[in-house]
Amino acid sequence: MDWIPLLRFPIEWAALALLAVSCLYWERAGASGLGVEGAVAAAMIGFVVGFDATASYAGASGIAAAAVVVYALLTGGLLHVLRADPAVGSFAASLTAACTLGILLRAGDHLLFGITPPPGLVRGTALDGTLAEDLALNPWLLAAPLLIALAAWVHWRTPFGLRLRAFGETPGLRLPGASAPRTRLLGLAVGSLFAVPAAALLLRHSDGTPPVALAIVALACVIGARWAFTPALLLAAGPALFRALRPYAGPSGPGAIAMDAAPFLLALLYLVFLGRRALRFSAGRQARLDPDTL
């Protein structure tokens, strides 16, 4: 058995874990985690357009970060002004971003997918061109654990995280000197930034056809984990493993179709057997202590 495709497992897991973190922030900000799908699409648009314009991967990364912040602020602002349902509004915004990405990719060839060697890794080392370079020389992958730890620290240990959780769990709450709309918009922007490294990891192995709906899989992991960081990251390993095993099923046929569907079927099982009453936040004081109140 060829074990080489399994080298993609840490990359797939890191991408889904980052998306799960992003979903947690979006939910705490009073929007639906469905909007993260649009944040991933916005980041990919930023990477593709940015690299076409600058031929610099660092420049494209900055443009991708700016794109997700603009997307988050526009989506959050529209949801607030129009008083739209968060799930419906976020999903509609995601569809708009995803369709824009699809049109962009069909519009012609893009430098990011044609340049050799592909950008995004540290170059000039003895590992160049080897199978280990994605794991040892990928700055996004190496930074992923640190970014996830930073996200958890901001969420639980900072005044901003406290305000974000307070407004997310109790929409009608009033805090002196704190604006609920401003805090939520900032939460959306911060949460969207974690989609940038996830998009970078997914684009590297996309061959010009970036995967879709992985943010929805990540949201299922978050719901199944009862909105907690560590269980959500662990549940993300399941769909990531199926995606890493996909090459073993071949390019086409029933096995290939089954492996393509497997991450989404596992996400469905998470919702059916683990989600239960976790689909809504509880406004009660026990929300953090008793999962059955969610």
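Colleague: Quick one: is arginine 226 buried or exposed?

Modeller: Arginine 226 is buried, at a relative accessible area of 18% (buried is under 20%, exposed over 50%, partly exposed in between, with a 1.4 Å probe and protein chains only). This is a predicted model, where local features need pLDDT of at least 70, side-chain atom pairs count only at pLDDT 80 or more, and totals for chains, interfaces and linings use all residues. Residues are numbered from 1 along each chain as its sequence is written, and side-chain values use heavy atoms, without hydrogens and water.

Colleague: Thanks! Where does arginine 226 lie?

Modeller: In the loop between α11 and α12 (helices are DSSP runs of H or I, at least four residues, numbered from the N terminus). Arginine 226 has a positive phi, about 60°, although it is not a glycine.

Colleague: Changing topic: which residues of α13 are buried?

Modeller: In α13 (residues 237-245) they are Ala237, Pro239, Ala240, Arg243 and Ala244. They cover an arc of only 165° around the axis, so they fall on the same side of α13 (the arc takes directions from the helix axis to the C-beta atoms).

Colleague: What do they pack against?

Modeller: α1 (9-28), α10, α11 (214-224), α12 (229-235) and α14, with contact meaning heavy atoms within 4.5 Å.

Colleague: Last one: which peptide bond is cis?

Modeller: The bond from threonine 116 to proline 117 is cis, with omega near -5°. Proline 117 lies in the loop between α5 (111-114) and α6 (133-136).

Definitions and conventions: Helix = DSSP H or I, 4+ residues; strand = E, 2+ residues; numbered from the N terminus.
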